[in-house]
Structures are given as structure tokens and as C-alpha cells.
Amino acid sequence: MNQASITIVGLGPMGRAMAAAYLDAGHRVTVWNRSAGKDGDLVARGAHRAAGITEAVAASDLTVLSLIDVDAMYSALGDTALEGRVLVNLSSDVPDKARKAARWAGARGAAYLTGGVNVPPSGIGQEGSSIFVSGPQEVYEEHRAALDVLAATDYRGADPGYAQLYYQLNMIMFWTAYTGWYQALAVARANGLTAADVLPYAGYTADSMRGFYTHTTPAIDAGDHGGADARLAMCAASVEHVLHTAADSGVDTGILAAHAELYRRAVDAGFGADGTPRLVQLLTQN
Ligand SMILES: NC(=O)c1ccc[n+]([C@@H]2O[C@H](COP(=O)([O-])OP(=O)(O)OC[C@H]3O[C@@H](n4cnc5c(N)ncnc54)[C@H](OP(=O)(O)O)[C@@H]3O)[C@@H](O)[C@H]2O)c1
């Protein structure tokens, strides 16, 4: 089978990793970036530098966009002819913008898939990596093999917003956990500890989260608010201890204060004897 030719639009770290993965896999690769100077290594390896966006989009079977957000697609593509082209936008954004972008591309005669990349650039082309994809199933099936070069695709349905919805759900968990790591390190540093001192315990905590997610899932989906293992009143007290440890250490407490406020609100609302699954209801009512 002939390999698809690929155009990569957007050469940040992610777009460059994608172009490199396609070169590694033997695809014909064309690259375009708004500003010059980001494609030297790729061109040295055989990628074609398009003279402009029109040439870039016309050059390949598939155009993969890896931009800061969806709005950047409009400014990158401008009024480039898209009739009969296939666009796969792997840029992060909110689901509704992904849906609007799909309508915009469809009105110009292009087939359009949305995607959310679940790994950093170093994970592109690696075993175990995944990308959420959504949009018309026949377009996905036709181009699946080419997209799987980047990471195993996980098709989330015809709604072009769904790949972004699943992606943003992952990002909610990612950003809160990652910020938690830096918050802990700020407290650690204020108390004379290094990141290396904390790392073994961070690994343990991160690994344990899978168990918490698995344990609470049936209760949440059944509308059971739990409380047998851990009462929200205890959790609220624990979160206060976290907040005051940070405050006593003289570090920023903004994020932890918001956290403590949520647990306090749960107790004030009369949910102190319930378990943490009750928080989903509390957050949904906001
Ligand atoms: N890096 C990661 O770890 C990671 C992981 C998962 C998902 N992602 C997602 O992958 C996408 C790309 O990530 P990245 O790290 O490569 O991002 P980045 O470093 O911010 O690069 C963004 C790209 O967007 C282009 N761009 C921004 N505004 C533009 C505009 N108005 N018109 C045309 N081009 C524009 C930039 O062009 P210039 O070079 O001209 O500025 C650059 O090529 C993002 O949506 C990101 O959320 C990234």
C-alpha cells in the first residue's frame, strides 16, 4: 500500500515531533510554519519546506495541524483553497470551537477530523501513546493508518467536539496534578527539602490515584455518595491542614485556599458524613 503524504502545519515542539515521526516511518513530508527557522533539521532529513500555506495544503493527502489553538488554524489557513482536502486538527481547544472549526472546514469542502494528543512530544511515535480522534467515521477509517504513526488513535465518535472533550477531561486531571506537584515542591523548598527528596513519595501518590479513581467510579455512577472509608468532614479538616502547612511555610496559598473552600462548602451544606463522590454533585451545581 502506498503511504500517505503528510503536511504538518505548525512546527512547535509537537509539530516537529510529528514531522520527525512521519519521516522516520518513510512518509513524504511537507512542512509549514508561520515563522521561519523551525524546520532546519526536518528539511535536512528530507522534509519539503512549502513556500506558502497554499502549496503546503495542496502538497499532501493529509494535512495535520499542530497549533496553539483552533483560532490559529483560521489565521494559518486564511482563504487557502480547501476543496477536497483532508485536515486533521490536533491543536488543543474547547469542544465547541472544535465543532465550529469542523463546520468551517466542511463549508469549504474539506474533510475534517479533530484530535487531542495525550502525550508530550517525546511520546510521539512511541508504544503506549494515544491520541483521541473524532469526526466522520469514514474519514477516520480512511486515514487511521497514517494517524496511528503518531500514536494509537482512540476514536471517540462522529461529534468533532468529542475528541477535545475527552482530551480536556484528561487535561483537567493533568493540570491539577501537575500544579499540585509544584505546590508541594514550593512547600518542600521553603522547608529546606529538594525535589529529589520528595520524588519517591510523589511517585507513590501518583500511582495510588488509579486506585482512588477505580474505587470511586461505581459509587459516582450509581449516585451513591459513600462515606464508609472517609467522611467529607475528615477530608475538609485534612485539606485545612494542607492549607495551613503551606501558609506556615510562607508560600502562595491561592490554589489550596480554593480547594479548602470547596470541602468546607460540602460540610456546610450538610454533607460531612458523605464521602468524596458527593463533590461531583456539589461541583455540578456550581
Ligand atoms: N508540547 C506538549 O507537551 C503538548 C502535549 C499535548 C498536546 N499539545 C498540544 O499540541 C499543540 C502544539 O503544541 P506545541 O507545544 O508545539 O505548541 P507551541 O510551542 O505553542 O507551538 C504552537 C504553534 O502554533 C503556531 N501558531 C500560534 N499562533 C499562530 C497563528 N495565529 N497563526 C499561525 N500559527 C500560529 C506557532 O507558530 P510560530 O512558530 O510562528 O509561533 C507554532 O508553530 C497545542 O495545541 C498543545 O496544547 C502539546
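User: Hi! Before we start, when does a residue count as buried here?
Analyst: Hello! A residue is buried if 20 or more other C-beta atoms lie within 10 Å of its own, with C-beta atoms placed from the backbone. Keep in mind that this is a predicted model.

User: Good. Which residues of strand β2 are buried, then?
Analyst: Strand β2 covers residues 29–32, and both of its faces are covered. V29 and V31 are buried on one side, and T30 and W32 are buried on the other.

User: What does β2 pair with on the β1 side, and how many bridges are there?
Analyst: Strand β1, residues 6–9, is joined to β2 by 4 bridges, and the two run parallel.

User: How many bridges link β2 and β3?
Analyst: There are 2 bridges between β2 and strand β3, residues 48–49, again in the parallel sense. Within β3, H48 stands opposite T30.

User: Nice. What is the strand order in the whole sheet?
Analyst: The open sheet has 8 strands, in the order β3-β2-β1-β4-β5-β6-β7-β8, and its pairing is mixed. Its edge strands are β3 and β8 (152–155), each pairing on one side only.

User: How do β4 and β5 run in there?
Analyst: Strand β4 (residues 62–65) and strand β5 (residues 86–89) run parallel, joined by 3 bridges. V64 has V88 as its bridge partner in β5.

User: Changing topic: which residues come nearest to the ligand?
Analyst: G12, M14, R34, S35 and S92 come nearest, out of 21 residues around the ligand. By type, the shell divides into 10 nonpolar, 9 polar and 2 charged residues.

User: Which helices supply at least two residues of that shell?
Analyst: Both α1 and α4 (70–77) do.

User: Let's zoom out. Where are the domains?
Analyst: Domain 1 spans 6–158 and domain 2 spans 194–284. Their C-alpha centres lie 38 Å apart. The C-alpha atoms of the protein chain fill a box of roughly 60 × 45 × 35 Å along the principal axes.

User: How many helices and strands does the chain have?
Analyst: The protein chain has 11 helices and 8 strands. It has 286 residues, and 34% of them count as buried.

User: I've been looking at S134. Buried or exposed, and why?
Analyst: S134 is buried because 28 other C-beta atoms lie within 10 Å, and the cut-off is 20 or more. S134 is found in strand β7, residues 130–134.

User: What is S134 in contact with, apart from its sequence neighbours?
Analyst: Leaving aside neighbours within four places in sequence, the contacts of S134 include T114, Y155, R156 and D159. As for T276, which is 142 residues apart from S134 along the chain, the two C-alpha atoms are separated by 32 Å.

User: Last one: is Y201 buried or exposed, and why?
Analyst: Y201 counts as exposed because it has 10 C-beta neighbours inside 10 Å, and exposed means 12 or fewer. Y201 has its place in helix α8, residues 195–222. The C-alpha atoms of Y201 and T216 are separated by 23 Å, with the two residues 15 apart along the chain.

How values were computed:
Residues numbered from 1 in each chain as written. Predicted model: local features only at pLDDT ≥ 70, side-chain atom pairs only at ≥ 80, totals over all residues. Pairing = 2+ DSSP bridges. Near = placed C-beta within 6 Å. Nonpolar A, V, L, I, M, F, W, Y, C, P; charged D, E, K, R; others polar. Domains from an automatic or database assignment. Contact = placed C-beta atoms within 7 Å.
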